Amino acid sequence: MNRFVFNRGHFVYLHDIVMAGLSFALALYLRLGDEAWDRPYLWIGCLLFAAVAAAVFWSMKLYGGVWRYASLNDLIAIAKAATLAGLIFLPLLFFVSRLEGLPRSIVFINWFTLMALLGGPRFLYRLMKDRHISLKMEEARNGARKIPVLLLGAGDEAELFIRAMARGEGAEYQIVGIVSLSGTRIGRAIHGIEVLGTAEELPILAERLTQRGLKPQRLILTKDDLKPEDLRQLLETAEQLGMALARLPRLTEFKDGAGNGHIELKPVALEDLLGRPQAVLDRDAMQRLVQGKLVLVTGAGGSIGSELVRQIAGLNPSRLVLLDNSEFNLYAIDLEMAESRPDLPRAALIADVRDSSRLLSIFKAERPALVFHAAALKHVPMVEANPAEGAFTNAIGTRNVADACQKAAVSVMVTISTDKAVNPTNIMGASKRLAESYCQALDLAHRDNGPATRFVTVRFGNVLGSTGSVVPLFQRQLAKGGPLTVTHPEVTRFFMTIREAVELILMASALGALHDSYRGRIFVLDMGEPVKIVDLARQMIRLAGLRPGKDIEITFTGLRPGEKLYEEVLHAAEPTLPTEQAGILVADPRHTDAVELTKSLAELEAACRQADNDRVLRQVAALVPEYREPDHHHPKETSP
């Protein structure tokens, strides 16, 4: 047997029974005055009316309404219950007392007093919570067939959505029930929609609704603070039950469309499933780094570069210089800044980081205080097929930017690196490791030479939705009806959102610029736990309301040239230490002499200019000892 648990619904039920008994005494007093206390049937009538009301209220589930959302529907329910209780009470009282000495009007007065004692506390409670009361009728409109949905969460957002669906002439959803996240309010109702059970009981609740001809087609999240592991479980459960998972829009967007019932549900974002805790950042330090300074961003139109531009613009620089060799990407981010920050002085300059003279002329003309170097070739198979181009942009291009920073007396240069630079198995990662080494060497070379450019390097893994990443690829494949292609069933990657990555880049930059003890070291962002790409594919299929292996197939194509099964953000030989900022570690990789590396990079540049791929590969291998060719395994194309 289940253990009885006293909850708010039971408290409401007891409250209503007590109010029913008091309502008879109050009605008698209003009719007879002080004489009422001397009437022999006073206490008998109170107890009898309370007993009748208890039976009526229980049968009509009057205790089920949530006071927080009391509305005209609740008032009508109270009126029905009061009327039925009065009709049953009158013959019973006649049988007990023959109504001797009892005014006939007492029944009508009792109806009004009961209405006041039951309805008054409910609406006063809502008035205290909301500072206003809406008494508009909450009733469903007739019209086209609506989509049956279940709401997950019995709070303010759910109440607002229910009201919007009830009032809107064009409402497209029929709310068939509410599922409680906290386990409270079960058995009660919000505007007539019952809280059926908990999230753990979803399969049972869906089955019951299906038997009543109300099979829910969507499960709608009304809360934004669900844990990622709970979201993943809900996604899997919804798929098994044939429901799509969606969420309500933000409250501001919600209210804009609530009047006509046209509320556009939002899909659950993939980043919500990552399970990454939000780091608390030192916003003041980030502000001090940027505010009032001229900032230049290379690769400003790319995924990371454009988000850097957005966040830097919010930190009030004196001027922002956007540099990119892609005309369209540069145009897009410049237009966005013109619309969002028209007051911010800026320049959009087309330039290639491989052109050292062009870079130097820009740096000397603009005199930036901060440079964020995000320009890179980063698509592993493309760089693997074009090694000279990859080394030219990633290694020589970074050297050119660093040299220009020194000659233009830039205060801080921040280089954006990648986890593929650790034990690289591809030319993209090896060329980025060379870029890291050069910036490290310059940072250490000027340790004792007074004021000089500080070189800060930040390394991290994949960002969701970046250009050339797996997420846009899966989205395109989904749009075509599949299949989704995964290179290997065991391949894993680290992921974080672009916004989080850039926030941590800015935070690491502030640390590196302020503390001389970090010279020559590399900041490594805490990427959390690695994610299996095949699991990512399955989640994206489910988020689209489809079933992996049934609606959309997943096929394995084999590892591509230069690709590893597992990425690493730290080398085994790199000692790491935590920083004062959560989410950011600092590593101390092997150091290279700046003079020797400068000579080697000059030789590499000559090979790149001659497009001599074999020579480029030999020189990169000599400069990056940990660079090694990967072992490729090509599994057969199968579906999980």
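**Packing and local geometry of the predicted model**

Thr398 touches His373, Thr393, Met413, Thr415, Ala435 and Cys439, not counting residues up to four places away in sequence; contact means heavy atoms within 4.5 Å. The structure is a predicted model, in which local features need pLDDT of at least 70, side-chain atom pairs count only at pLDDT 80 or more, and totals for chains, interfaces and linings use all residues. Residues are numbered from 1 along each chain as its sequence is written, and side-chain values use heavy atoms, with hydrogens and water left out.

Thr398 sits in helix H14 (residues 387-407). Helices (H or I, at least four residues) and strands (E, at least two) are DSSP runs, numbered from the N terminus. The relative accessible area of Thr398 is 0%, so the residue is buried. Buried means under 20% relative accessible area, exposed over 50%, and partly exposed in between (1.4 Å probe, protein chains only).

A disulfide is defined as a pair of cysteine sulfur atoms within 2.5 Å. By this rule the count is zero disulfides. Cys405 is in no disulfide, and the nearest cysteine sulfur, that of Cys439, is 8.5 Å away. Cys405 is buried, at 0% relative accessible area. Cys608 counts as buried too, at 3% relative accessibility.

Helix H11 (residues 327-340) was checked for its span. The expected span is 1.5 Å times one less than the number of residues. For the 14 residues of H11 this gives 20 Å, and the end C-alpha atoms are 20 Å apart, which agrees. In H11, Leu330, Ile333 and Met337 are buried. These residues cover an arc of only 75° around the axis, so they lie on the same side of H11. The arc is that of the directions from the helix axis to the C-beta atoms. An α-helix has 3.6 residues a turn, so residues three or four places apart point the same way. Glu327, Phe328 and Glu339 are exposed on the other side of H11. The buried residues of H11 pack against helix H10 (303-313), strand S9 (319-324) and strand S10 (346-350).

Helix H20 (residues 613-623) was examined in the same manner. Its buried residues are Val616, Gln619, Val620 and Leu623. They cover an arc of only 100° around the axis, which puts them on the same side of H20. On the other side, Asp614, Arg618 and Ala622 are exposed. The cover over the buried residues of H20 includes H14, helix H15 (427-445) and helix H19 (594-609).

Nonpolar cores were then traced. A nonpolar core is a set of buried Ala, Val, Leu, Ile, Met, Phe, Trp, Tyr and Cys residues joined through side-chain atoms within 4.5 Å. The largest core has 46 residues, of which Leu308, Leu320 and Phe372 touch the most other members. Helix H17 (residues 498-514) supplies the largest share of this core, ten residues. Another core, of 45 residues, lies apart from it; among its members are Leu349, Phe392, Tyr438 and Leu597. In soluble globular proteins, nonpolar side chains tend to be buried together. The contacts of Leu320 are Val295, Val297, Val309, Ile312, Ala313, Met337, Leu344, Pro345, Arg346 and Ala347, not counting residues up to four places away in sequence.

Aromatic rings were paired by geometry. Rings of Phe, Tyr and Trp (its six-membered ring) pair if their centres lie within 6.5 Å; planes under 30 degrees apart count as stacked, over 60 as edge-to-face and the rest as tilted. The count comes to one aromatic pair. Tyr518 and Phe523 have ring centres 5.1 Å apart and planes at 65°, so the pair is edge-to-face. Tyr518 is buried, at 9% relative accessibility. Phe523 is buried as well, at 1%.

Several loops show backbone features. A cis peptide bond joins Gly482 and Pro483, with omega about 0°. Pro483 lies in the loop between helix H16 (470-479) and strand S15 (484-486). Asn316, a residue other than glycine, has a positive phi near 60°. Asn316 is in the loop between H10 and S9 and is partly exposed, at 35% relative accessible area. Arg367 is not a glycine either, yet its phi is positive, about 55°. Arg367 is found in the loop between helix H12 (356-366) and strand S11 (370-373). At 44% relative accessibility, Arg367 is partly exposed.
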